[in-house]
Amino acid sequence: MAASPPRRRASPPSIPDELFEEILLRLPPDDPACLLRASLVCKAWSHTVSSPRFRRRLHELHPTPPVLGVLHNWEYDAIPRFIHTTASSFCLAAPDSRSWRALDYRQGRALFLSKGQDAEELLVWEPITGAQQRVPVPAAFQGDYPTAAVFCAMDGCGHRDCFGGPFRVVFVFCVDEEDAELDPFLTSAAVYSSETGMWGELTSMHGEFVMYFEFYSSVLIGRSLYFLSDGGLILEYDLVRHGLTVFNTPHCQPDYMSDDDGFDYRYNLMLAEGGALGVSQELGQRLKLWTKEPSYGTDAIWVLSRVINLNMLLPNDALVDATNSVQVLGFAQEANVIFVVTVAGLFSIELQSKRVSKVCSHRGFCNLIPVVSFYTPHARLEALMGRTP
């Protein structure tokens, strides 16, 4: 008797697209590479993660974007320019630190300034897509240690997937007008539009003190950009009225009470609770968080909103010499995370949850530019996997 042919195994029932979507929505939000690898499984999954509906639902489920990593300006070949802070060790092919100084990151774009005695170009880089655009500095620029900020210029954009859209760059610099007897330093700002490819007119103001911007990045709050100078002055640029205002940090208030002599002036800009401008102040094993109250003129009113005891958050070996070696080097505005460097390395602190993570053991950083990104669709896989040219 002839053997009966083998029975064919029944195909598993197909999974509805809606169930695929629910599965993919629950992949770790702090590991974009995980979602992108899943999108390579089949065309159906790729179509799902690329759909506007999926992006909308993902943003609703995870309103706070993850910090993918940090950019730094330390010219040390043993350390990658981009240091990841997520679960996966993907890398981004950031511009060379020997040629470009990282200035800013906001809404999917990083901003760099060419190095050298005669800085002539800015570089706008989308880390997720790898797209780059070079912008010449304003023709009127002169002086040392300028700074700049980049932001999305698309009307009604939620800043969750605005890659490739229009953007603005605000460039700030200060020069010494030697012929001026009073207020000899002239601080100027100009705005570049990617839509016109041109810089607008300069906005300038005279001041008593020089303003260099080598170590600190900016924050965008409402219609104003804020920059912290190396000398501790805060410069506000109003994007609507194109005006400049300078004001001081908390220790200049008449009622300021000193805690630790010699360490009262180490500040970093941040977003305070309620969406106002804030600063973090380093005081040994503590961080003081200040909020700027609404005020008129140049006299800022600061209110102490919170004190963070670092000895309750950081490991003991990080605070061996806290008085001299604990510094806040960066603030991820969209994720409300600060980065602190200590003798034990670099740590991130989520201000809302007080969750602490060690980023790396290196500690020679001068400043950090956090890279924060929302969901990245399938078309951007190669950039995330470090294959950007």
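This is a predicted model: local features need pLDDT of at least 70, side-chain atom pairs count only at pLDDT 80 or more; totals for chains, interfaces and linings use all residues.
The strands E12 and E13 (residues 224–228) form an antiparallel pair held over four bridges. Strands of a sheet pair through backbone hydrogen bonds, in either a parallel or an antiparallel sense.

The pair belongs to an open sheet of four strands, ordered E12-E13-E14-E15 and paired in antiparallel fashion. Strand E12 (218–221) and strand E15 (243–247) each have a single partner strand and stand at the edges, so one side of each has no neighbour in the sheet. From one strand to the next, the twist averages 20 degrees.

The pockets come next. Rolling a probe the size of a water molecule over the atoms shows where empty space is left. The largest pocket holds about 540 Å³ of space. Its lining consists of 23 residues, and those nearest the centre are Asp-30, Pro-66, Val-67, Glu-350 and Arg-355. Strand E21 (337–342), strand E22 (345–350) and strand E23 (356–360) are the elements that give two or more residues to this lining. The largest share, three residues, comes from E23. Sorted by class, the lining of the largest pocket has 10 nonpolar, nine polar and four charged residues.

The second largest pocket has a volume of about 380 Å³. It is lined by 18 residues, with Arg-101, Lys-115, Gly-116, Tyr-145 and Glu-214 nearest its centre. The lining of this second largest pocket divides into eight nonpolar, six polar and four charged residues.

Definitions and conventions. Residues are numbered from 1 along each chain as its sequence is written. Side-chain values use heavy atoms; hydrogens and water are left out. On a 1 Å grid over the protein atoms alone, a cavity is a set of points where a 1.4 Å probe fits but cannot get out, and a pocket is an open set with protein on both sides within 12 Å along at least five of seven lines; lining residues have an atom within 4 Å of a point. Grid points are joined across faces, edges and corners, and a volume is the space filled by probe spheres set on the points. Ala, Val, Leu, Ile, Met, Phe, Trp, Tyr, Cys and Pro count as nonpolar, Asp, Glu, Lys and Arg as charged, and the others, Gly among them, as polar. Two strands pair if DSSP finds at least two bridges between them. Axes are lines fitted to C-alpha atoms, for helices over the stretch in contact, and angles run from 0 to 180 degrees between N-to-C directions.
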